[in-house]
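Please walk through this protein one region at a time. The text below begins with a pocket and its lining, then turns to helices, strands and single residues.

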Amino acid sequence: MVSPIRIGNIRNPNEKMRLVVTVFVGIVLGFFLGVSFPTLYLTKMNLPSSLFPSIDLSYIEDKYSGFSTQALLNAWSSLKGNTDNSARYVSNEEAKIWVPTNPRGAESLPPGIIASESDFYLRRLWGLPSEDLIIKPKYLVTFTVGYAQKNNVDAAVKKFSKNFTILLFHYDGRTSEWDEFEWSKRAIHVSIQKQTKWWYAKRFLHPDIVAPYDYIFVWDEDLGVEHFNAEEYIKLVRKYGLEISQPGLEPNNGLTWQMTKRRGDSEVHMLTEEKPGWCNDPHLPPCAAFVEIMAPVFSRDAWRCVWHMIQPAHKKIGVVDAQWIVHQGVPSLGNQGQAERGRAPWEGVRERCRREWTMFQARMTRAEKSYFEAMGVDPPNSTAH
């Protein structure tokens, strides 16, 4: 008699089918138990920390797409937090914020909250802050003014487009009268009586306040601007890489230095020849590195330097010939002085200017000498170094 055919220990087809079904159900049940196990119970397990890093989390995620590695990491973080409280303990002293690279006085603030720069942009009192500014002016022009020169200032301001923020420093205390000009309503007005523009500049044009502006014009009120266009001026300054500049001065109007006189054969010049004996070094004022104080223009970086009273390199200081102005020499601020000992008010103002200039030169000399002595080197004799 022929023995029945055997497959393993299965004696008939029915037993084979039951085994297949049982194995399949076991696989499905095991899969769902395996997927649920880490989510439900892992955080309550007290596993040694050395064990967990050896588990290949990417393998688990690939094999069971319904279970993310992040969930497992979150569970592990919770596990470590529950089992190792001493590792998370932070003393009160350690919890204090101290960031020495923050601006002085703000070291205890988190860096993300620091806003070290500002601007002169006018904003509304309503609506969304993000919608306040239709345009953001790229340049700043300041005038130190008295109301007696209103028409001259009006003509000058109209040479500057809406790309410029207009800032007026009022030395005579009269501000509301300027509202007769439409542009005055969008200008910034600072009124403190009987001060010079450099007094205002030091106190109201801090580099962090004017940081949004590419160029800063610090101008007098008595400039004739018939031959001047601000946008064209900016183009030339950019073209020649000037950090400090001024428009050329009309050579046939009043006294001026050779360096600042307009030349008819160039767009920009940075060197000149003065009277014999006036220039001991061709790289020093008044033959180079020189602009006058009535209409200087500074780049953002140069103003940060100048505000701290440091002289920039001579190579990036020049006079723009293609855009020129006329210095009318109206002594309006000088008339704000006080008559003393039979002298006119302007004489006392001029004497004070000369005295302060001498004081500044002495201060600069002392500062340079102290610096180079501290460095143990001899001070250079020329900005050409």
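By class, the lining of the second largest pocket holds 10 nonpolar, one polar and four charged residues. Here Ala, Val, Leu, Ile, Met, Phe, Trp, Tyr, Cys and Pro count as nonpolar, Asp, Glu, Lys and Arg as charged, and the others, Gly among them, as polar. The model is predicted: local features need pLDDT of at least 70 and side-chain atom pairs count only at pLDDT 80 or more, while totals for chains, interfaces and linings use all residues. Residues are numbered from 1 along each chain as its sequence is written, and side-chain values use heavy atoms, with hydrogens and water left out.

The lining of this second largest pocket is made up of 15 residues, and Leu122, Ile135, Pro137, Lys162 and Arg186 lie nearest its centre. A pocket is found on a 1 Å grid over the protein atoms alone, as an open set of points where a 1.4 Å probe fits, with protein on both sides within 12 Å along at least five of seven lines; its lining residues have an atom within 4 Å of a point. The second largest pocket has a volume of about 390 Å³, where volume is the space filled by probe spheres set on the points, and grid points are joined across faces, edges and corners. Strand S2 (residues 164–170) gives the most to this lining, with three residues.

The protein has 10 helices and nine strands. These are DSSP runs numbered from the N terminus, helices being H or I with at least four residues and strands E with at least two. Of the 385 residues, 32% count as buried; buried means under 20% relative accessible area, exposed over 50%, and partly exposed in between, with a 1.4 Å probe and protein chains only. Among contacts with a separation of 6 or more, 68% join residues 24 or more positions apart, a contact being heavy atoms within 4.5 Å.

Helix H8 (residues 230–240) has a buried side formed by Ala230, Tyr233, Ile234, Leu236 and Val237. Seen down the axis of H8, these residues fall within an arc of 165°, so they line one face of the helix. The arc is that of the directions from the helix axis to the C-beta atoms. Turned away from the buried side of H8 are the exposed residues Lys235 and Lys239. At the start of H8, a side-chain oxygen of Asn229 comes to within 3.1 Å of the backbone nitrogen of Glu231. Just after H8, Gly241 takes a positive phi of about 65°.

Helix H7 (residues 197–204) buries Lys197, Tyr200 and Ala201. Down the axis of H7, these fall within an arc of 100°, so they too line one face of their helix. The cover over the buried residues of H7 includes S1, S2, S4 and helix H9 (300–307).

Strand S1 contains Thr142 and Phe143. Thr142 counts as buried because its relative accessibility is 1%. Beyond its neighbours within four places in sequence, Thr142 is in contact with Leu167, Phe169, Leu205, Phe217, Val218 and Trp219. Phe143 is buried, with a relative accessible area of 1%. Leaving out residues up to four places away, Phe143 touches Ala156, Val157, Phe160, Leu167, Leu168, Phe169, Trp219 and Asp220. Phe143 and Phe217 are 74 residues apart in sequence and 8.4 Å apart C-alpha to C-alpha.

Asp321 belongs to strand S9 and is buried, at 1% relative accessible area. The side chain of Asp321 makes polar contacts with the side chains of Ser266 (2.7 Å) and His269 (2.9 Å). A polar contact is a pair of N or O atoms within 3.5 Å, one able to donate a hydrogen and the other to accept it; residues adjacent in sequence count only if both atoms are side-chain atoms.

Two loop residues remain. Most residues other than glycine have a negative phi. Lys194, in the loop between strand S3 (188–191) and H7, has a positive phi of about 60° and is partly exposed, at 48% relative accessible area. Arg341, in the loop between S9 and helix H10 (345–375), has a positive phi of about 50° and is exposed, at 70%.
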